[in-house]
Amino acid sequence: MNMPNEENRRLQDKIQLILKVNHNSILTSILFGLVCMFLLGIKGVIPYVFFGYALINFLNTYLYGKHKNLTLTYNIASILAMIGGILITIHSGGIQSPFILVLAIVVFAGYVTTKMYGQFYLIINLVVVTAIFLYDMGNFDLTGNQVPSESRGWFAFLSVVFAVYLLGGVFGRNLLRAHHNLYKSRKEVQERIDEKETLLKEVHHRVKNNLQTVSSLLSLQSRAVSDEKISGIIKSSQNRVVSMAMVHEMLYKRDDYLSKIELRPYVEELCSYLVRSVKGNTNKIKVNLHMDDHKLSIDTVIPLGLIINETITNALKYGIKDDEAGEILVSLRKLSDKRYEMHLGDNGVGYADDISPETSKSLGLKLIYNLARQLRGSINRDPEKKGTYYRLEFEEIIEEFNAID
């Protein structure tokens with residue numbers, strides 16, 4: 001996903017909104033000031049506040065093209081609007097002035113920009129409105145209402161029109177455009193995500209099919225070999241391939257989060273397959289699973305599955321002899337954020353204590369210890385228990401990758 005482009009689009013929407021609000025408020029302020037001065041007969045502070053706001057905000061908007069600091073431009077415009085709104089409100093009736101609605105627009109503009117600015121201007125303007133109310137309640141008639149009585153209806157009407165125009169005609173229209181762009185952008189991103197998930201599922205499906213093809217070839221090869229030792233080696237390789245194919249099969253079947261695998265159903269299916277593969281469909285093997293519903297990455301599950309494959313295969317071949325009854329144990333618990341502990345064992349005959357990866361010629365035993373290191377962990381045998389028991393401590397491996405644009 002091309003996230004920088006999304007951020008740039010949002011920034012451009014915000015820039016356009018603030019600049020359009022500035023342009024429209026400048027023009028309407030000049031127009032309102034001229035109407036107050038020449039048509040409504042308002043003298044004194046009110047028209048000059050309109051003209052002063054328009055002039056300073058024009059310079060503020062012009063200077064944005066030089067410094068490109070949107071936060072500075074927005075805050076200057078908001079402070080100007082707040083000061084101008086306070087002055088006009090005080091000189092046009094105080095708490096009863098319709099122009100007090102402009103202070104609400106300043107708060108609204110703050111929340112449009114960021115939540116922090118919205119909360120800041122909300123608190124400031126609530127204090128200002130309270131102060132204006134207390135000022136009126138105290139009968140401190142220091143300024144008076146500079147709007148002539150015969151023009152107050154028109155002034156109230158124009159104040160409401162001014163506020164509604166800025167809220168609806170400027171903020172509302174541009175917010176709707178920004179919302180449409182955001183919706184369009186999210187839809188495009190979701191379509192790309194869906195497309196990549198479909199491609200990723202197809203990759204898992206093809207990898208699974210290829211691994212199953214390799215497994216079938218190994219199975220055919222093992223049947224064509226008369227030497228039982230060589231046939232067993234080929235069969236062991238086939239089981240390793242199947243343990244990996246199962247991972248991709250589970251990922252292909254999932255519809256939600258393709259990079260995580262539910263470990264319990266995977267281990268359950270893998271153990272069931274290994275028991276059938278080594279002991280046949282009719283056997284006396286009991287598999288005990290003790291693990292919660294953990295979801296691990298594919299980079300963790302594949303080596304972990306190979307470790308389980310080697311230990312259980314060895315247990316079924318050498319620990320639990322022939323058609324004897326036996327038990328297989330697989331347990332897992334979480335130690336910390338990414339660290340896990342797994343116990344693997346059987347109640348078979350076990351093997352001698354002097355056998356180790358260094359002294360043994362067994363590929364499976366060497367593979368177990370090498371895969372444990374790959375999982376940034378360690379595996380140790382517990383000699384005190386009957387049979388063969390391992391304690392594996394490992395870390396979930398999460399490979400980072402860069403999103404494709």
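Predicted model: local features only at pLDDT ≥ 70, side-chain atom pairs only at ≥ 80, totals over all residues.
**Ground rules.** Local features need pLDDT of at least 70 and side-chain atom pairs count only at pLDDT 80 or more, while totals for chains, interfaces and linings use all residues. Residues are numbered from 1 along each chain as its sequence is written, and side-chain values use heavy atoms, with hydrogens and water left out.

**Rings.** I looked up aromatic pairs (rings of Phe, Tyr and Trp, the last by its six-membered ring, with centres within 6.5 Å) and got 12. I picked out Tyr340 and Phe394: their ring centres are 5.6 Å apart and the planes sit at 15°, so I put the pair down as stacked (planes under 30 degrees apart). Tyr340 is in strand E5 (residues 339–346) and Phe394 in strand E7 (residues 388–395), so this pair ties together parts 54 residues apart in sequence. Strands here are DSSP runs of E, at least two residues, and helices are runs of H or I, at least four, numbered from the N terminus. Both Tyr340 and Phe394 are buried (under 20% relative accessible area, 1.4 Å probe, protein chains only). I also noted a cluster of Phe32, Phe50, Phe99, Phe155 and Phe162, linked by ring pairs.

**Helices.** Next I checked H3 (residues 70–90) against H4 (residues 101–113): their axes come within 9 Å and cross at roughly 165°. The axes are lines fitted to C-alpha atoms over the stretch in contact, with angles from 0 to 180 degrees between N-to-C directions. That makes H3 roughly antiparallel to H4 (over 145 degrees).

Key
Phe/Tyr/Trp six-rings, centres within 6.5 Å; stacked < 30°, edge-to-face > 60°. Buried < 20%, exposed > 50% of the residue type's maximum accessible area, 1.4 Å probe, protein only. Parallel < 35°, antiparallel > 145°, perpendicular 65-115°, else oblique.
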